[in-house]
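Hi there,

Here is the structure I promised to pass on. Have a look through it first, and my notes follow below.

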Amino acid sequence: METKEKKINIYILIFRIVSLLIIAFCLYLLYNWNIENNANSDIASDLSLSSKSDGTISLNDLRDAELKSSDENQSLISKNNESNNQIKTLQTDFDKLLNSNSDTVAWIRIENANIDYPIVQAQDNNYYLNQNFYKKHNSAGWIFADYRNKFDTLDKNTIIYGHNRRNGTMFSNLKKYLDSNYSSKEENKFFNFNTVNKNYIAEIFSVYKSNSNVLSFSNTFESHDAFDSYLNSYKEKSLYDFKTEVSASNKILTLCTCDNNNLYRIVIHAKLIPIN
């Protein structure tokens, strides 16, 4: 009987030790997660000095800019029934950013979603999943472009990826666009996208969730018809009608992140309107 009790006590002791080790390991992971998030937040704060608002552009002027850049020499969006709200423009010091990281290719700012980052590009789509802007290991990674994309002259579809962090950093707040109240506000339909060669206003035309853990986006297309077919499929998937007219003469931007539990992907498509 005494031997049996000793065995039970030993099992209880082992269970307690294992439990303490598990708790200690979890606390370490939580501590490390917090350290990495704070590190990336500090980096983003420092880098924000390299990209500043320099004015505004009205919707009417934006449509005029679109008219000038249109391959078809006609406005792709009517000015009728649109407000003439002002959209902030952005100037980015790419020389400074390139001196810090030669992989820098662009800057994205979605003001009301607290997304304000330089975009980097590696030779594959894995490197910046766990490296920060300064190429230091960080599970939060960084905002990065698909390795296939060109930035001297943009492809038809430029694809940008970022993690969805629970502390609201990286592409976490793309999930705001799943909320109809947020998406329905006109000011949230537009955001800034700057490259070394051009500044753009991006205008969202599609937001949706995909249950696929592996999404494949094309960056180039065989023909206008093929691109047009893709655009239509993106619009059909959208949770909301943004009333944004987009055609194969446009170039578009695709933003992609996961949800926190990796159950689905959040995808946003926007057309790009050059403003300089």
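K243 sits in the loop that joins α5 to β9; helices (H or I, at least four residues) and strands (E, at least two) are DSSP runs, numbered from the N terminus. Please keep in mind that this is a predicted model, where local features need pLDDT of at least 70, side-chain atom pairs count only at pLDDT 80 or more, and totals for chains, interfaces and linings use all residues. Residues are numbered from 1 along each chain as its sequence is written, and side-chain values use heavy atoms, with hydrogens and water left out.

Most residues other than glycine have a negative phi. K243 counts as exposed, with 66% relative accessibility (buried means under 20% relative accessible area, exposed over 50%, partly exposed in between; 1.4 Å probe, protein chains only). M170, also a residue other than glycine, has a positive phi near 55 degrees. M170 belongs to the loop between β6 and α4 (180-183), and at 1% relative accessibility it is buried.

Now for helix α5, residues 224-237. F227, L231 and Y234 are the buried residues of α5. They fall within an arc of 60 degrees seen down the axis, so they line one face of the helix (the arc is that of the directions from the helix axis to the C-beta atoms). An α-helix has 3.6 residues a turn, so residues three or four places apart point the same way. On the face turned away from the buried side of α5 are the exposed residues D225 and E236. The cover over the buried residues of α5 includes β6 (157-161), β8 (199-210), β9 (251-258) and β10 (265-274), with contact meaning heavy atoms within 4.5 Å.

What is buried in helix α2 (residues 59-69)? The buried residues there are L59, L62, R63, A65 and E66. They cover an arc of only 155 degrees around the axis, which puts them on the same side of α2. These buried residues pack against β1 (51-58), β2 (86-92), β7 (190-195), β8 and β10.

Finally, I14 is in helix α1 (residues 2-47) and is partly exposed, with a relative accessible area of 45%.

Best wishes
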